[in-house]
Amino acid sequence: MNEILLCHRCGQTLTPGAGNLWVVRIEAMADPWPAPITEDDLKRDTHAEWRRLVEQMKACDTKELTDQIYRRLVIHLCDKCYAHWIESPAG
């Protein structure tokens, strides 16, 4: 395998198999728990609401809709950047 990768944080050259890189997989999804249903929700015309939502989604492309609910990323980090990232992944 002669693939050369770059660290997503510092740009250092990483060579697969050389032991100088980390592969980080990040999976993010929108809140998977259902919203509470209120008395007002039960009084709504659900068919009209579904039609409205479908029409609204027609104006969006598939990627845009998918990105609103689920994202999966793979990043490559050198040893030094990984050590910093793992201690504060959101920082």
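Mentor: A nonpolar core is a set of buried Ala, Val, Leu, Ile, Met, Phe, Trp, Tyr and Cys residues joined through side-chain atoms within 4.5 Å. Buried means under 20% relative accessible area, exposed over 50%, and partly exposed in between (1.4 Å probe, protein chains only). This is a predicted model: local features need pLDDT of at least 70, side-chain atom pairs count only at pLDDT 80 or more, and totals for chains, interfaces and linings use all residues. Residues are numbered from 1 along each chain as its sequence is written, and side-chain values use heavy atoms, without hydrogens or water.

Trainee: Which element gives the most to the largest nonpolar core?

Mentor: The core has 9 residues: L5, C7, L14, V24, I75, L77, C78, C81 and Y82. Two elements give two or more residues to this core, β4 (70-78) and α4 (79-87); helices (H or I, at least four residues) and strands (E, at least two) are DSSP runs, numbered from the N terminus. The element that gives the most, with 3 residues, is β4.

Trainee: How many disulfides are there?

Mentor: A disulfide is a pair of cysteine sulfur atoms within 2.5 Å. The sulfur of C78 is 3.6 Å from the closest cysteine sulfur, in C81, which is too far for a bond. By this rule the count is 0 disulfides.
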